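Dear colleague,

I am passing on the structure below, together with some notes on strands, aromatic contacts and a pocket. Please read them alongside the coordinates.

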Amino acid sequence: MKSHARVVIVGGGIMGVGLLYHLALEGWTDIVLIEKGELTSGSTWHAAGQCPHFNGSLNMTKVHMYGTELYPKLEKLTGQAVSWHPCGGLRLATTDEEVNWLKYVYGISKLAGYEGEIIGPSEIKKYHPFLETFGIKAAFRTVTDGHVAPADVTNAMATGARNLGATIYRRTRVTDIKHLPNGEWRVFTDQGNIDCEHVVNSAGSYCDVVASWTGHLAPIANMLHQYIITEPLQELIDLKMELPVVRDPYSHAYLREETNGVLVGPYETATAHTCWDGQPPRWDYESELEPNELDRIMPWLEKATERLPLFGQTGIKSIISGAITHTPDGVYLSGPAHGPRNYWMHCGASIGICQGGGAGKYLAQWMVHGQAEINMREFDPRRFGPWATKDYTTEVSVADYHHMYYCYKPAEQHQVGRNLRTSALHETLAKHGAQFAQIFGWERARWYDRSGEGEKYSFRRSNWWNAVRDEALAVRERVGLMDLSTFAKFEVKGKDAYAFLNRITANKVPEKDGGIILTHLLNENGFIESELTVTRLAADHFYVLSAAAAQLYDMDQLCWRRADTEQVTITDVTDDYGVLILAGPKSRDVLKACTDTDLTSPSFRWLTAKTRTVAGVENVRLLRMTYVGELGWELHVPRAGMQKVFDALMKAGAPHGLRLFGTYAMNSLRMEKGYRGWGSELTAEIDMFEASMERFIRTDKPDFIGKAASLSRKQKGARMKLVYMSVDNTDSDCVGNEPVYHNGKVVGVTTSGGFGHATGKSLAFAYVPPDATEVGTQFDIMVMGEMRKARIIPESIWDPDNARIRA
């Protein structure tokens, strides 16, 4: 065995092998994969091998599409045969909301570039003559996807990797991993040890165990999944075409042709469970199946027989019953693990055969080039924190499995695994009717329901509409109060704190105590990694804020950029402070009733901060800034004092018509101001000039990370440009990833949107060609399957001179 390699990948399933192959294609050949048994001998070998295009995520669609484009070419590329079946697919819709979903995904298909269409029930028989169409309202037909033999495609990529110089060790068990003082990783095996710059956890059903050796988190559950294959049927032997893969919400199953028989794989909506009582498999577990539980899944098999009667017309040839990994959100883990550099996760795939090729390609790009060509945020393992315990992971993964063919509407979430992280005001806000969403384990209020009926989730405007309008108008006309304790919060202290922050950020860090800036962390390629608010409390003390979902991500960004010679400490203080947003024309009147601080503009200017006493609570950090485009303050309150400050503000605000507001109203307000969002408008695919964020990058200051690349990119010119548009929408607004058309062709993509209640406009951000960014330029946007007129408008539509903010 080698003693050193650039990369060691632990695990020889399709995820690990797919990454090995694509790292080799990127030019890294000093790479090693270690597998304890034979390749594919975990979950890969017994997978059904479906490769669908239909998906509600644009980035995941790109992952899937790459696989379906690669797999048919692998034999030519590697010399190893691959059994690829380009039979297409049918996704059935049985409710109006499922039809709405098909319409949204149809827009994604136009952006991704695959062939698909929505057809009516009467057209289904043309593509699948044996399918019963009762209860079906529509179907999404895909043309170029299909299914593949898992072992074939994995072994072909392994051959391709070896041909390019990669090394694979089979029958070699990894027993431990340790981080070395020199920053490298040592991988211990029963055949010797190997040191490496990068280690990748692709250990499949064992990935949580492997992660635990180094104190990392890999939240996966090994779910028991079963599918049935029948004996051959004469009807299918005589059929000249191969039937498309059907995904049916009625039977909650996939149904397809397999060796002239029928294959049915149900995702049962009850009674699903993990394998091995939630424990990892034995270390000598290899190419084994679990005892089948046919009786338990009979209700779904009976429904499958109703949908496809052929299934019940012959005997069962085989029952496949085995483990598949599942994460709480059903999305695989791919990216850096939190903590020391160069420990990567690449595991947890429940649809891994389809995803193995594309997931490997994009992680290889990230490892080699510092970023991928798609936004990897939804795959990043740091979307889960320490709150994702084993009990949480199991409970929510089971629920996600149960809902595999359930149509989740926008904003709808699992109702299990909740209340993991709550604000000090959680119970108080609940009594006011708060409708909570979970974000990075936190419960955060979306809106306030005074009716008691709760949110009716829909792809179109629903019962929250009037309440959110009232919340937004209260902020615009009077005053609103919001709990935004979910901010990620960091203290950056030390002699070199100012120099450190100025070196790593694109904007100028405040030189005076009390100054506040919005700034961004760029990577070496000049693309946007993070968005931060930096407040200077003292020359050696800075308070840094970022998005709730970026807590671990931005802690890594800060720590990884710190030089060994810099005297700087970085501390996560997220749980130490709650945050209240007080905003609106009357906010100064409300706040002055609770503090002796002079709040007038000459004394307390916009984008400045003071630490003061509020409602008798000391050490409240008052930041004069908001994300809603109104006069206002953020109150960062020691957690123990949150209730006291909240009560005082509510009492002082009552005469002014104060109203609680949530994130739905905040989105409406920020859209009217034209404020960008991290993760939507601002991603690692985009540079500051493309995002129309020139005012936040100070290329005149001394060197900072990403400066040289940014200047180079500016000189070359933007590939695309962010624009701000009004849209002629009716009962639904843009949410992001809708295709933008110009002269009948797709030219861009929306990133987010919402209705501005104060302006009466449906608004959206979109990336379009740089030569089509003049104010007044008209486009069409496909919203819920319908073309809507849109036009570029000046930024921003509300208070463009910021007079209200500065008041």
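Strand 33 (residues 721-727) and strand 36 run antiparallel and are joined by seven bridges, and within this pairing Val 723 has Ala 766 of strand 36 as its bridge partner. Please keep in mind throughout that this is a predicted model. Strand 36 (residues 761-768) also pairs in the antiparallel sense with strand 35 (residues 745-756), again over seven bridges, and here Gly 756 stands opposite Lys 761. Strand 35 and strand 36 form a hairpin with four residues between them, and in the turn Gly 760 has a positive phi of about 70°. Strand 36 is mostly covered, since seven of its eight residues are buried.

Elsewhere, six strands form an open sheet with mixed pairing, in the order 29-30-31-28-22-32. Strand 29 (609-614) and strand 32 (659-660) each have a single partner strand and stand at the edges, so one side of each is left without a neighbour in the sheet. Within the sheet, strand 28 (residues 577-583) and strand 31 (residues 632-638) pair over seven bridges in the antiparallel sense, with Pro 638 of strand 31 as the bridge partner of Tyr 577.

Turning to the aromatic residues, the structure holds 26 aromatic pairs. One of them joins Trp 344 and Trp 366, whose ring centres are 5.9 Å apart and whose planes stand at 75°, so the pair is edge-to-face; Trp 344 belongs to strand 19 (residues 343-347) and Trp 366 to helix 10, 22 residues apart, and both are buried. Trp 387 and Phe 440 also form an edge-to-face pair, at 5.4 Å centre to centre with 85° between the planes. Because Trp 387 lies in the loop between helix 10 and helix 11 (390-402) and Phe 440 in the loop between strand 20 (434-439) and strand 21 (442-448), this pair ties together parts that are 53 residues apart in sequence. Trp 387 is buried, with a relative accessible area of 12%, and Phe 440 counts as buried at 7% relative accessibility.

Finally, about 490 Å³ of space lies in the second largest pocket, and of the 19 residues that line this pocket, the closest to its centre are Arg 341, Gly 370, Asn 523, Glu 529 and Trp 560. Its lining has eight nonpolar, six polar and five charged residues. Helix 10 (352-369) and helix 15 (551-561) each supply at least two of the lining residues, and helix 15 gives the most, with four.

With best wishes

Technical notes: Residues are numbered from 1 along each chain as its sequence is written. This is a predicted model: local features need pLDDT of at least 70, side-chain atom pairs count only at pLDDT 80 or more; totals for chains, interfaces and linings use all residues. Side-chain values use heavy atoms; hydrogens and water are left out. On a 1 Å grid over the protein atoms alone, a cavity is a set of points where a 1.4 Å probe fits but cannot get out, and a pocket is an open set with protein on both sides within 12 Å along at least five of seven lines; lining residues have an atom within 4 Å of a point. Grid points are joined across faces, edges and corners, and a volume is the space filled by probe spheres set on the points. Ala, Val, Leu, Ile, Met, Phe, Trp, Tyr, Cys and Pro count as nonpolar, Asp, Glu, Lys and Arg as charged, and the others, Gly among them, as polar. Two strands pair if DSSP finds at least two bridges between them. Buried means under 20% relative accessible area, exposed over 50%, partly exposed in between (1.4 Å probe, protein chains only). Rings of Phe, Tyr and Trp (its six-membered ring) pair if their centres lie within 6.5 Å; planes under 30 degrees apart count as stacked, over 60 as edge-to-face and the rest as tilted.
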